[in-house]
Structures are given as structure tokens and as C-alpha cells.
Amino acid sequence: MDAAEAVEKIVRTCLYEGYLLWPYRRTALKNTKRWTFGGVFPQRCAADLGEPDSQRTQVLLDAGDRPPHEVRLSVRVRFLHVVDRAVLREGPGGPEPVDAVTVAGERYVAWEEATEREVTLRPSLAELYAAPRTAPVDVPPGRDREPLHDADGGHVATLVRSWQRLTGTVTVSAEAVGGGVHRVTVRTANTTDCPPPVAGDRRARERVAAHALVSTHTVLHCDAGRFVSLLDPPDPLADAVADCRNEGVWPVLVDGGPGGLGAARTDSTAGAHTVLASPVTLYDFPAVAPESPGDLFDGTEIDQLLILTVLSLTEEEQAEARAADPRAREILDRCARLSTAELAALHGTIREFRPLEQA
């Protein structure tokens, strides 16, 4: 796995953290409140819901003696867009909405899914010094239909997925700190027009979530410079780091230098070419263990224990989880395919040996 792949793996892990939790059923109490991480809600509704309507990432970039026009940044803002999934059954009078339907032995339920959205900017520092750069968030509303056929090929039901319009902005700016160091700011705002929440509606937040940028996080990359650790800054930059203001995110260095990624990288004062600013609190250079077989949407759990509990679900529980979400179906199928050797690899491993006095 190269550095880019390793970065993408940890980014995706943060993006889907808490998307759906074990036992991956719609009826599980902890799955009745979803979309809890990194929500950027419409300006019109956010204050009433006690949610933010923007997110700000602010980091330091050490470009050394390179002139600003030679330093180009990649800024990616990625988030989830809530998708409503309705079930229509073909009846004598035409399609009729139902809560659930079973077709060819597979059960389908009405619920919510999510799809990924991304906004990308690639400004140079010189361009940012001339003026902040802004890219729009503009996702039109849409609808997708998935016909379901029985064993004889008859059209008996349809899954209708629909999503709301999203609008907003991503603005990038920069200012000089001195000594070849620059402070870079990324602000993401949600300007979506949506109905105001009804006073006293206990599900108001869930209804407005369809108009929110969910699990929003920012990834900054620069080949010509290194970002400074905000957790362990070099002494000369400690005051400049203290002046950085981040709202709704926790920026950490995520790519390695010589030798690789994750726990193997300890010299954080050397900086890194990539920063991940996510709503999840992490340490510098986090990494997904190579033994991990895939997403489980709960990075706080131990993979081995979570997979064993997945395998212990009854047939009825597995059927309900499979009906809840296509990604839950993937988890069940992936866990069932694991070999004895792959399960044994999850039991633990030794990454390195260190003298006791360094422990």
C-alpha cells in the first residue's frame, strides 16, 4: 500500500465513522439517531437546532524559501449527502408506498442511506494572497429508481432513492506567518434553503439532516511544502500554532515521510505533506491496521471483537441487517468470507520492539 492509498483509507474510515453501528439493524436503538458526526447544517435552521452552519480548518504550511507561485495546494472537502430510500410495492391500483417488502427471498425496508460528495480546489499560494478562492457547493435534487423483480422476472416493487438540493461554499485563504510559513484557512458553509424546523418537533434535527453536509472533513495536500503538527509543533512555531482556530474539526498529519505511515512515523516536528481535518479526534499519523478486512463504521471498537459479534448474529438478525442498508450487507458478506488465517491475524500483532527505558 502506497502513501496515497493509506491516506485514502484513513479518510474513508473517518467519513463513515458512525454511519451505521452494530448490530446494523434499523430497529437498534443506537441507529435511531444517525448523522451525528461533522454535520454542517443550513444557515436558516442551524441555530434553532443547536448545530453549526459552517466549519473552519486552519493549519500552518512550511514552504521554506519557495516563492508562493511555486507552491500549489490541493484542498478537498468531502461529506455525506443523506438519501431517502422509499419502498413502493406494485399493487392492483399501481405502486403503493410500504415500510418493507420481500422480493425473491430478500427483504427491503424504507430508511436512509448516504452518498459521497466532494468539492476540490487547487490554488497556488500566490493566488490565495491575491484574494481568497471560493468554490460552490451545488448539488441539484435528484431521484433514482431501482426495480425489484421476483424469481419469475416480474416487476413487483421499486426502491426509490431521492435527495435534496444542497448549496454552500468552500473558501480558501492564506496569510504569511513569517520564515516561509503560511497560515491556510478553509471555511465550509451551508447556504441550503430548507423549511424551518417546527417548534417542539423532536425529530426536527433528523428531518433537516437531509439538507446538511454530513461527516464533513477537509484534506489538504502540498507537494512543495510540509504542514506543521498542531499537536506537537516545533518550538519556534508554538505561538503561531496556538493562534490557529479550528471549528468542528481536529487537524492531524496523515502521510508519512521516509519509511512509511502510522505508528512507524514519530518525528512529527518534520511535518507532513497531507493534513486531515475531520470531526474525529485523532493523533498525528493515524493508520488503519493492515490486518483490518474493511469498514465496520466503528473505529473505536476492536475489529476482532466486532467481527465475532457480527458472525454471532442470528439468521433473523442478519436478515434485518441485510435489509437495512447495502453497506451493512457488504459487512455481513465480508465477515462470512473471512478465512481462519484472516480471523487469526486479527488477534494481535507486534509492530516493533523498543528498549524498556524508551517505553
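The protein has nine helices and 15 strands. Helices (H or I, at least four residues) and strands (E, at least two) are DSSP runs, numbered from the N terminus. This is a predicted model, where local features need pLDDT of at least 70, side-chain atom pairs count only at pLDDT 80 or more, and totals for chains, interfaces and linings use all residues. Residues are numbered from 1 along each chain as its sequence is written, and side-chain values use heavy atoms, without hydrogens and water.

**Overall shape**
- For 359 residues, a compact globule would have a radius of gyration near 21 Å, and the protein agrees with its 23 Å. This radius is taken over C-alpha atoms, and the globule rule is 2.2 Å times the number of residues to the power 0.38.
- Along the principal axes, the C-alpha atoms fill a box of roughly 75 × 50 × 40 Å.

**Burial and contacts**
- Of the 359 residues, 46% are buried, meaning under 20% relative accessible area with a 1.4 Å probe, protein chains only.
- Among contacts (heavy atoms within 4.5 Å) with a separation of 6 or more, 74% join residues 24 or more positions apart.

**Cavity**
- Rolling a probe the size of a water molecule over the atoms shows where empty space is left.
- A cavity is a set of points, on a 1 Å grid over the protein atoms alone, where a 1.4 Å probe fits but cannot get out.
- The structure holds one cavity of 30 Å³ or more.
- The largest cavity has a volume of about 60 Å³, counted as the space filled by probe spheres set on the points.
- Its lining residues (an atom within 4 Å of a point) include Leu15, Glu17, Trp35, Phe37 and Val214.

Definitions and conventions: 1 Å grid on protein atoms, 1.4 Å probe; cavity = no way out; pocket = protein on both sides within 12 Å on 5 of 7 lines; lining within 4 Å. Buried < 20%, exposed > 50% of the residue type's maximum accessible area, 1.4 Å probe, protein only.
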